[in-house]
Structures are given as structure tokens and as C-alpha cells.
Amino acid sequence: MSASHQPSIAGALREARALVLAGGGMRVAYQAGAVKALLDSGLRFAHADGASGGTINLAALMSGIDADDLCRRWRALHVKQFVSLQPAVEYLHAANMLALGNADGLIQHVYPTLGVDIDKIRAATGIQASFNVCRFDDKTVVPLPHTELDLARLVAASSLPIFMPAVPADGATWTDAVWIKDANLLACVERGARELWLIWCIGNTPVWRSGAFNQYVHMIEMSAVGALNAELAAIADINARIASGEVVLGHREPIVVYIVKPEIPLPLDPDFYFGRINAATLIDMGYRDARRTLQQLQPSPLSARATQMIEPGVGVSFRETMSGAFALRAPDSHSGMGTPSVLAMHATIHIHDIVAFVADPRHQADLTGHIDFAPFGTAIPAESGVFGLFVPSADPALSYMVYELGFQHQGKAYYLAGKKHVHTGRPWRLWGETTTLYTTLHQGPNALGPVVGTGVLHLSIFELLRLLKTVHATYAPTTRRQIGAVYRFFIFFVTKLFRIYVLRRRS
């Protein structure tokens with residue numbers, strides 16, 4: 001039996017604060033980055049609650065895994081290990097199968113890689129945590145206290161019907177709670193939490209998509225978002241009663257809810273499984289969105305607007321890594337730069353609408369990413385990012401490829417601004433100019449701050465080949481439109497290069 005321990009998310013608080021980790025399938029890698037941002041800001045929690053896929057991260061955190069380690073473990077996890085199939089003979093009787101897969105992948109690979117330890121979870125102190133499981137016998141959601149958790153019901157908590165079988169335990173049958181509730185805010189309120197931090201991964205736009213898989217996803221969205229809306233309405237009612245002078249569930253002050261969520265729906269599990277997005281990118285996205293929520297610090301509306309997202313157009317995404325020598329100096333120093341170290345920028349470009357991107361004279365898109373730089377550390381996630389392709393300059397013969405990201409280090413804001421200088425000229429200049437990124441590091445939230453470092457990063461031929469393998473269409477409803485989006489991006493890019501280096505003119 002493990003000795004008692006206090007998880008890194010735990011903290012004694014005058015005003016009880018709760019961390020709520022909702023479901024989202026394998027994409028809950030996003031939550032690891034969001035939790036890191038919350039903990040880096042100094043937040044600690046007296047309560048925690050997990051449902052569906054969110055129980056995986058909660059189990060790791062309650063096992064004593066800190067946020068940085070959880071991010072590292074997600075990056076090291078082979079996502080295909082989530083999936084384990086039934087014995088082949090079972091598929092000969094598909095109509096009577098319990099499920100398409102089983103829990104072997106979770107038990108043998110995912111939980112060990114993420115550091116999940118049931119004994120440590122049960123022994124955790126300094127925090128009240130609950131794992132939501134659907135008891136199929138009476139169709140109720142049971143917020144199981146962490147001190148009573150067992151492996152069977154942890155597995156059941158993320159056993160989505162059709163994909164994984166229900167689990168017998170404690171004289172009942174258990175399964176994923178997502179069809180009834182994907183986030184149990186009220187369980188935390190009933191235990192005394194007044195400030196709730198919900199990390200939400202489920203999509204919520206008004207667009208109805210065709211296809212059996214998309215409609216299965218829509219059913220989950222309707223169940224999860226609908227139940228959350230009911231919980232938010234219940235909290236609004238509690239707050240109204242408190243405002244009239246009533247003490248409700250021991251609360252004399254209103255309940256406040258903050259929701260960390262993406263502005264655009266996260267890619268679905270097949271995108272993650274087949275490598276169109278990876279854990280590192282999801283972690284970076286979660287960190288970025290949590291930092292945005294912390295900076296705005298606006299409580300969520302207790303209504304159906306709370307998790308609404310923007311429906312993107314058909315877009316294109318790709319991943320790019322550049323590295324090279326980089327040297328630091330003090331912001332008030334005039335004695336030159338220090339000894340260079342290698343800095344690597346790992347960037348994911350998100351073009352949310354390829355038509356709008358091509359039409360935009362600056363051809364701007366979103367960038368998420370992280371940097372590795374020995375003097376600062378490894379896998380430092382960006383809280384903001386900008387990408388620009390063939391951005392005009394004051395010189396008509398010069399344009400830029402722009403890569404910028406802002407990040408935090410030891411409580412200070414930094415901004416890494418990089419540009420590839422693309423000049424109208426001879427074809428043999430193409431490779432050098434389009435693979436060389438001149439970077440400056442500024443202290444502060446943008447490129448207006450004092451320069452504290454400079455360096456030159458490069459895209460190697462090996463990394464270029466890896467980049468090309470990651471280019472894919474996003475939010476395209478058909479294969480034809482997927483191909484069309486990627487084709488349009490490459491035609492735009494190649495045409496620009498042809499004009500600049502062969503025709504030697506800008507347009």
C-alpha cells in the first residue's frame with residue numbers, strides 16, 4: 001500500500017477552488033497543457049473532478065505526477081496504444097460483440113506510461129477528488145471518491161459504448177458517464193467549492209456534419225454540452241438564491257465558473273490516431289487557451305453560450321521544427337552576446353480557412369508551439385503565436401516568412417520573433433532563404449520589448465521531409481475537399497516561389 005502524499009494540484013484554500021476535467025477521448029492530452037498553465041500561474045485546488053477521458057489525467061495527477069511530467073509523458077505516449085482489439089474470432093460474430101475493442105491498451109500501456117497508480121490515488125491527501133462513472137443498473141452517474149477508486153471503475157469511466165465493453169464491479173455494471181454527464185460541476189459545489197475551473201474539450205458549433213462517425217460525435221456533443229448547460233443553469237439558480245439572502249449548500253457567496261476551451265473545435269480522435277495532430281500540439285493548444293483564460297479572467301456565462309466555438313472553414317495545418325545557435329544577453333548590456341546554445345522551435349501552423357488565407361495580403365495564420373533552449377529549459381509552451389507567409393515589407397523586392405511566439409519563463413514574458421528573408425533574385429537563393437530563420441528574443445509580451453537574444457535557426461532537409469508528411473486539410477467534409485485544400489495551399493506556395501525566383505517579380 002502506498003504512503004499518503006499530496007498531489008501537485010492540491011492546496012489549502014480560504015475560498016475552495018475546484019479543477020474539473022471533462023471528457024474528450026484521446027484528445028485530453030490538451031488538458032495536460034492547460035493544467036500546466038493553471039499551476040504555473042499559482043492556482044491550487046481543494047477539489048477535483050473527472051469524467052470520461054478526463055479521468056485519465058485526473059488519475060495521473062492524483063498519483064503524484066506533476067504537470068510538467070504529465071506533459072512529458074503524453075508526448076512520449078504512443079497514441080495507437082490506446083486501441084486494443086478483441087480476439088480475431090470475435091469479429092466473426094460482430095452483431096453480438098460486446099464492443100469493437102477492449103481495455104488492454106489502457107491497462108497495459110496508457111495508464112503505466114502516464115504514471116497512474118491506484119494505490120497512490122487512494123492515498124492522496126489535501127484534496128477531495130471524484131471520478132464519475134455511470135452505474136448502468138440504475139442509469140445514474142456516481143462521483144466515486146478517490147479514496148474508493150479501483151482499477152475496474154477507472155477503466156469503466158472511459159469505456160465508451162461500442163468502442164469498449166461495460167465493466168462489472170462491486171455488484172453492478174459500469175460504463176462511461178458521457179451520455180449523462182461529461183463534467184460534474186455540482187459534485188464540487190456540493191463539497192464546498194466556490195470557484196470552478198473547467199477544462200473542456202468537446203466541440204460545440206451549430207454545423208451538422210454527414211457520415212456515421214460524425215453523427216456519433218454529434219450525439220456525444222449533444223449529451224455532453226446539454227448536460228453541462230443544465231449544470232450551469234443550476235449554478236445560476238443557486239447564485240440567484242444566494243443573492244436573495246438564502247444559504248444554499250452551505251454557500252453564502254455566488255459560485256464562479258471559468259472555462260478553458262479552444263476557440264475552434266479540437267481535431268477528433270482519428271486525426272490524433274493517424275498523426276494529423278500529435279500530443280505535443282494538443283498540449284501547446286491547451287496551454288495557450290488556459291493562458292488566455294487566465295489573462296482575461298472573465299467568469300463564464302452560466303448559459304448555453306459558455307462553450308460555443310467558432311466553426312472554421314476548410315483549412316490546412318502542418319508542423320515545422322527549426323533549430324540553430326542562439327545567444328543571450330542582459331537587456332541593459334552593451335557588451336555583446338553570451339555563449340550560444342542550441343534553440344529549437346517546434347511550431348504547428350493552423351490555417352483555419354485556406355480561401356481567406358490566400359486572399360489575405362499578409363497571409364497570416366495561427367501558430368502554436370514550444371521551444372527547447374538549455375538556458376531556459378525544454379518544451380516551453382507558447383502562450384501566443386503568429387505565422388505569416390510572404391508578408392510584404394517596405395522594400396518591394398523583399399518579403400518575409402514570419403514565425404513568432406510569446407512564452408513565459410520564471411514569471412517573465414518573452415517574445416521570440418523570427419523572419420525568413422525572401423528576396424527577389426536568382427533561383428539558387430531559394431533554398432537558403434526559405435530555410436533560414438533570423439530570430440530575436442524580446443523581453444515582454446511582443447516584439448517592441450528590449451532585445452535579450454539573437455540567433456539563426458535552420459530547417460534541415462530531414463525536417464523538411466518530416467514537415468511534408470504532416471501537411472493535411474482540416475475540417476474538410478469530403479476527401480475531395482481535403483485534396484482541394486492541400487492542393488490550393490501548395491499551388492499558392494509554389495506559384496509565389498516561381499514568381500520570386502524564376503520570373504523575379506513580386507506578383
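Mentor: A nonpolar core is a set of buried Ala, Val, Leu, Ile, Met, Phe, Trp, Tyr and Cys residues joined through side-chain atoms within 4.5 Å. Please keep in mind that the model is predicted.

Trainee: In the largest nonpolar core, which residues touch the most other members?

Mentor: They are Ile-9 and Trp-74, in a core that holds 72 residues. Helix α1, residues 29-40, supplies the largest share of this core, with eight residues. In general, nonpolar side chains tend to be buried together in soluble globular proteins.

Trainee: What is Ile-9 in contact with, leaving aside its neighbours within four places in sequence?

Mentor: The list for Ile-9 is Leu-19, Val-35, Leu-39, Arg-44, Phe-45, Ala-48, Leu-61, Met-62 and Ile-127. Apart from the core that has Ile-9 as a member lies another one, of 45 residues, with Phe-326, Val-452, Leu-467 and Leu-497 among them.

Trainee: What makes helix α2 mostly covered?

Mentor: Nine of the nine residues in α2, which spans residues 54-62, are buried. They are Gly-54, Thr-55, Ile-56, Asn-57, Leu-58, Ala-59, Ala-60, Leu-61 and Met-62, and among them Leu-61 and Met-62 are in contact with Ile-9. After α2 comes Gly-64, with a positive phi near 100°.

Trainee: How do you know that strand β12 pairs with β11?

Mentor: Two strands pair if there are at least two bridges between them, and β11, residues 364-373, is joined to β12 by six, with the two running antiparallel; therefore they meet the rule. Gln-364, for example, stands opposite Gly-388 in β12, and a hairpin of three residues links β11 to β12.

Trainee: How many bridges join β12 to β13?

Mentor: There are eight between β12 and β13, residues 398-409, and these strands are also antiparallel, with Gly-385 partnered by Leu-405 in β13. The hairpin from β12 to β13 passes through five residues. Strand β12 itself, residues 377-392, is mostly covered, since twelve of its 16 residues are buried.

Trainee: Why is Thr-470 called buried?

Mentor: Buried requires a relative accessible area under 20%, and Thr-470 has 11%, so it qualifies. Thr-470 is found in helix α13, residues 461-470, and, not counting residues up to four places away in sequence, touches Ser-317, Phe-318 and Arg-319.

Trainee: Why is the pair of Phe-318 and Phe-489 called tilted?

Mentor: By the rule for aromatic pairs, the count comes to 18. For Phe-318 and Phe-489 the ring centres are 5.7 Å apart, and a pair needs centres within 6.5 Å. Their planes are at 40°, neither under 30 degrees for stacked nor over 60 for edge-to-face, so tilted is what remains.

Trainee: Which parts does that pair tie together?

Mentor: Phe-318 lies in strand β9, residues 315-328, and Phe-489 in helix α14, so the pair ties together parts that are 171 residues apart in sequence. Phe-318 is buried at 5% relative accessible area, as is Phe-489 at 6%.

Trainee: What makes the pair of Phe-357 and Phe-492 edge-to-face?

Mentor: The planes of Phe-357 and Phe-492 are at 75°, with centres 6.0 Å apart; the angle is over 60 and the distance within 6.5 Å, so the pair is edge-to-face. Phe-357 is in helix α11, residues 354-359, and Phe-492 in α14, so parts 135 residues apart in sequence are tied together. Phe-357 is buried at 3%, and Phe-492 counts as buried at 10%.

Key:
Residues numbered from 1 in each chain as written. Predicted model: local features only at pLDDT ≥ 70, side-chain atom pairs only at ≥ 80, totals over all residues. Heavy atoms only, no water. Buried < 20%, exposed > 50% of the residue type's maximum accessible area, 1.4 Å probe, protein only. Helix = DSSP H or I, 4+ residues; strand = E, 2+ residues; numbered from the N terminus. Contact = heavy atoms within 4.5 Å.
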